[in-house]
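Thanks for coming, everyone. Please bring up the structure and we'll walk through it together.

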Amino acid sequence: MKRYRNGEIWDFEVEMPLTPDGSEVILGLDGGTTSTVCICMAMPYFNEVPDPLPVLARAVAGCSNHNSVGETAARETLEKVMAEALFKSGSNRSAVQAVCLAVSGVNHPTDEQRILNWLRDIFPSHVKLYVQNDAVAALASGTMGKLHGCVLIAGTGTIAYGFTEDGRQARAAGAGPVLGDWGSGYGIAAQALTAVVKAHDGRGPQTMLTSSIIQKLGLSSPDEVIGWTYADPSWARIAALVPVVVSCAEAGDEVANRILQDSVQELAASVKAVVQRLGLSSEDGRDSFPLVMVGGVLEANKGWDIGKEVINCISKDFPGARPIRPKVEPAVGAAMLAWNFLLKETKGNVKS
């Protein structure tokens, strides 16, 4: 397996000095379809969350979703980003006490076990290792490590994920574009590209999306859209067209508006499904629960605020939903999870 640092081959085995004060560290990783972020955080020695959080270093790499890029590429990306975060912090593997790797595409215990086995080959035996779906880290980023409530991620992909205080969990969507994540950035953009093709061949209404997308992609005619799409159908490349769809909707284009309205309904339906399955709220929907909102699709726009519309739709059935826009990124949430998991294990060992 190749090892990387700053884009160059590097050996993960090379031991760098410990952090300047010799402190122990925690690694938190958020691995998505577009990018992967690793946070190296000094190990807190108190039960309360420190403020500010002792983040020592941050590293960024590409996609680590094995369903999108394959297992070999995903694994290399994760190794690269962890090595770089440790290097930037002046630390090494021996100082690491816990790692929480939250990656999209972790949908089954077999996914978790495969990654755990690989991590165990990299880190010393004392390191506690935890593997989660990236939605779990996103939830923790809004609740500072507490797993309770529901998170909605809508970026390149989308998923709704929820936890009860007694540990039950449920998810909706998150199955990828082939299986209908239509509220995602990929889903929005794919529908826009389809609308362009339909308008061109007479199966659909004319739309501002045609000229806007052609201009954005540097194409000369709608005929070239099909070739552009299949030349590289990677999820993030398609999803990058979402701002064009939003701009057309803000300008009054009916087709673009319908795409976004349908996406709002899809995203809200995912959250409602999770809340109902877990009983996060009362029958009248007034019991409060945290609803963490994460992802570029949900960020505010001037005239068409998808996130706001999703909240409005959810609030009709669940007025107790308490929207949270995290102040820290999901990778920090993953680090907080690693710390909380480690604390629980330590307390459990002391009691036993």
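First, the ground rules. This is a predicted model, so local features need pLDDT of at least 70, side-chain atom pairs count only at pLDDT 80 or more, and totals for chains, interfaces and linings use all residues. Residues are numbered from 1 along each chain as its sequence is written, and side-chain values use heavy atoms, with hydrogens and water left out.

Some terms. Helices (H or I, at least four residues) and strands (E, at least two) are DSSP runs, numbered from the N terminus. Two strands pair if DSSP finds at least two bridges between them. Contact means heavy atoms within 4.5 Å. Axes are lines fitted to C-alpha atoms, for helices over the stretch in contact, and angles run from 0 to 180 degrees between N-to-C directions.

Start with the sheet ordered β5-β4-β3-β6-β7. It is open, with five strands and mixed pairing. At its edges are β5 (55-61) and β7 (128-132), each pairing on one side only. Neighbouring strands are turned by 10° against each other on average, direction ignored. Look at β4 (residues 36-42): six bridges join it to β5, and the two run antiparallel. There, C40 stands opposite A57 in β5.

Which helices pack on this sheet? One is α2 (residues 71-89), touching β3 (25-31), β4, β5 and β6 (96-103), at about 150° to β5. Another is α3 (residues 109-122), which touches β6 and β7 and makes about 150° with β7.

Now the other sheet. Five strands again, open and mixed, in the order β10-β9-β8-β11-β12. Here β10 (169-173) and β12 (321-324) are at the edges with a single partner strand each, so one side of each has no neighbour in the sheet. The twist averages 20° from one strand to the next. Strands β8 (residues 149-154) and β11 (residues 289-294) run parallel, joined by four bridges. V151 has V292 in β11 as its bridge partner.

Helices cross here too. α4 (residues 134-143) lies across β8, β9 (158-163), β11 and β12, at about 115° to β8. α11 (residues 306-317) lies across β8, β11 and β12, at about 155° to β11.

Last, the helix pair. The axes of α6 (residues 208-217) and α9 (residues 242-250) come within 10 Å and cross at roughly 145°. From α6, the contact uses M208, L209, S212, I213 and K216; from α9, V244, V245 and C248.
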